[in-house]
Each structure stands twice: as structure tokens, then as C-alpha cells.
Amino acid sequence: MTAYPSAVRLRRAALIGALCAGIAVTGTGCAEKTDPDKGTNGVGKQAPEKIESQAKAAATAAQSVRLSGTLVSGGKTFTLDLRLKADGGSGQVKSQTDTFQVLRVGEQLYLKASAAFWGKSDSAGKLGDKYVKVPESDPTYKQFRGFTDMHVLLDGLLGLQGKLTKGGYTSVGHTKAVPVSADAGKGGKLTVSLEGTPYPLMMERAGGAGRVELSEWGKTFPLEAPAQDQTVDYGSQLPTTKDGAGTGTGAGTGTASPAPSKGATTGGTGSTGGSGSTGGTGGTGGTGAGSSGQGSNPTGG
């Protein structure tokens, strides 16, 4: 009379065990709930404000980073792929009309663009696909230097605007991460690594002003001046570029226009750039001078 109930109980126990092992059901008699923070750096347990501050601190302390994605500045969209560190940077900045290679070693800035960019000047044919040394006195220097300054870019990018909330765990590439959103995403979203140092891995800027991935934190890379036969030096002033007009596009925001100001090289009157960006300078013997905005952060920060 007792064997039958025992057999039933054994079959029931076997069935429950199979269910728990096969589909990982949590609850009484099954496996314990998995800790989502197990094996992480613990940042995900923090309040969103704390996560943001730790990510910014990690970025500030970093020696290098790779930054890639899109950035909207002065009403224009730029595609970036840059490797940056404290004493310079290199990479590509692409707009809707031009593609530039930028390189800064210490305080010396170089710019490479197609011959078409340099326009119809006598120098244009010599400049295509050459690194042109940009003198610090030329307005172009201030405009493009911001793209090679690691901390200028990071300070402008890593800003959330509004009340912060923490989202569910996700991943960027193969790295587990936690997102922090401002004003339900309208004020931007920052995704922070849950593995190792809590570096920022992705920044989606407020108002659709760009989406940038940050990677290769702390990874070393060579940064050297280009070979002499690949370099052109025009002294204190760059030659005329293709449209010969000022390039002010800041619209009062202090945003640098990521294209050189285009004053004439000899004679004539310098063009005046738009509000908030750097305008063209008067040419040699000219009668006018372009206006110069103070902002040099290409993120508009």
C-alpha cells in the first residue's frame, strides 16, 4: 500500500528537477535568482548621478581614447574617427562636402584635404593629399585643434541635461554596460561600462546632436609628425580655399566651424564669418579683417 505513493512522489520530484534545470525557473524548489551585478565593477548599483560622475572621472583620468560616430555642430553633421591623447591626436573628420585628415603633435597642427578643397589657387595642385602645417596665427588652427584635443571633446560630449534615470543592463559591443538617460532620453543618454574601469562607452547627445562611441581607453598609439616630403609649410597664412568666403556657422553658439576660414592671400578685403565662429582674415595689403569667435570646442559645449 505504501509503494505506490512513493513512486508518485519520486516521479513528481524528477519532473520538478527537470523543469528547474531545463528552463531555469526561479522560485521555491528551483535555482536561486542570478545576481545581475555578479562579476561587474558594481557601478550599476549606484544612483544614476553617481554613475555619471564616475564615468566622467574615469574619462578625465584616461590617457587615450578612440572616438567614432557622428556629431552635429553649427547645423552640420560630421562623421568622426579619431584617436586622441593628452599631447595630440589624429584621424578623420568628414562633412557632407569634404573629408579632412587632422593630425596634431604637441602644438603643431597638420591638415590634409583634397586638391578640390583648396580651390583654384596656384597652390591647390601642390596641396592635394599633402599635410599642410597650420600656423597658430591662422583662424583654421583654432577651429581644427578642437577635434584633436581629447579633453575639449570629452568635456563637450559627456554632458547630460535633465533628471537622470538608470536603465536596464545592456551591452556595447561585447562589454556589459548600464545606460543613464536624462529627461527620458531627450537630454541625452550615456552608457557606462560595467566591466573594469567605468569608462563611458556610448554617448547619445541631447536633441539628436550626434551619437558617439568611445573605445580603446588607455590604448597606446603612435603620434608622429608626417614625413617631410608629405608636408607643406606656407608660413604664417594658409592659401585660399575653394569658395574664398568666410565660414562662420556658429550661429551665436561659440561653435567652431570645422572648415578653414577663407580670407584672400593677397590684396582684397577679408571675409567676415558668422556669429560664434572664426571668420576669414584680411589678405596681405587688404583693408578688412574677419571676425573671430572665441569658441573652439567642435561639440558646441
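Colleague: Is Glu-52 buried or exposed?

Modeller: Buried means under 20% relative accessible area, exposed means over 50%, and partly exposed lies in between (1.4 Å probe, protein chains only). Glu-52 has 12% relative accessibility and therefore counts as buried. Please note that this is a predicted model, in which local features need pLDDT of at least 70 and side-chain atom pairs count only at pLDDT 80 or more, while totals for chains, interfaces and linings use all residues. Residues are numbered from 1 along each chain as its sequence is written, and side-chain values use heavy atoms, with hydrogens and water left out.

Colleague: With which residue does Lys-56 form a salt bridge?

Modeller: A salt bridge is a side-chain nitrogen of Lys or Arg within 4 Å of a carboxyl oxygen of Asp or Glu. Lys-56 forms one with Glu-52, and their closest N and O atoms are 3.6 Å apart. Lys-56 itself is partly exposed, at 33% relative accessibility.

Colleague: Why are Lys-56 and Glu-52 separated by about one helical turn?

Modeller: Helices (H or I, at least four residues) and strands (E, at least two) are DSSP runs, numbered from the N terminus. Lys-56 and Glu-52 are about one helical turn apart because they lie four residues from each other in helix 2 (residues 48-61).

Colleague: How many salt bridges does the structure hold?

Modeller: There are eight in the structure. One of them joins Lys-133 to Asp-233, with the closest N and O atoms 3.8 Å apart. This pair links distant parts of the chain, as Lys-133 belongs to strand 6 (residues 131-134) and Asp-233 to strand 13 (residues 231-233), 100 residues apart. Lys-133 is partly exposed at 24% relative accessibility, and Asp-233 is partly exposed at 49%.

In another salt bridge, between Asp-149 and Arg-145, the closest N and O atoms are 2.8 Å apart. Asp-149 is buried, at 16% relative accessibility. Salt bridges with shared partners also join Arg-66, Asp-81, Arg-83 and Glu-216 into one network.

Colleague: Which side chain of opposite charge is nearest to Asp-37?

Modeller: Here Lys and Arg count as positive and Asp and Glu as negative, whereas His and the chain ends are not counted. For Asp-37 the nearest such side chain is Lys-45, 5.1 Å away; Asp-37 is buried yet has no salt bridge. Asp-37 is placed in the loop between helix 1 (3-23) and helix 2.

Colleague: With which side chain does that of Asp-37 make a polar contact?

Modeller: A polar contact is a pair of N or O atoms within 3.5 Å; within protein, one must be able to donate a hydrogen and the other to accept it, and residues adjacent in sequence count only if both atoms are side-chain atoms. The partner of Asp-37 is the side chain of Tyr-169, at 2.4 Å. Contact in general means heavy atoms within 4.5 Å. Setting aside neighbours within four places in sequence, Asp-37 is in contact with Gly-44, Lys-45 and Tyr-169.

Colleague: Where is Thr-191 found?

Modeller: Thr-191 is in strand 10 (residues 189-193). At 5% relative accessibility, Thr-191 is buried.

Colleague: What pLDDT does the protein chain average?

Modeller: pLDDT is the predictor's confidence in each residue, from 0 to 100. The chain averages 77, and 67% of the residues score at least 70. Over residues 22-27 the pLDDT is below 50, and over residues 243-295 it stays under 50.
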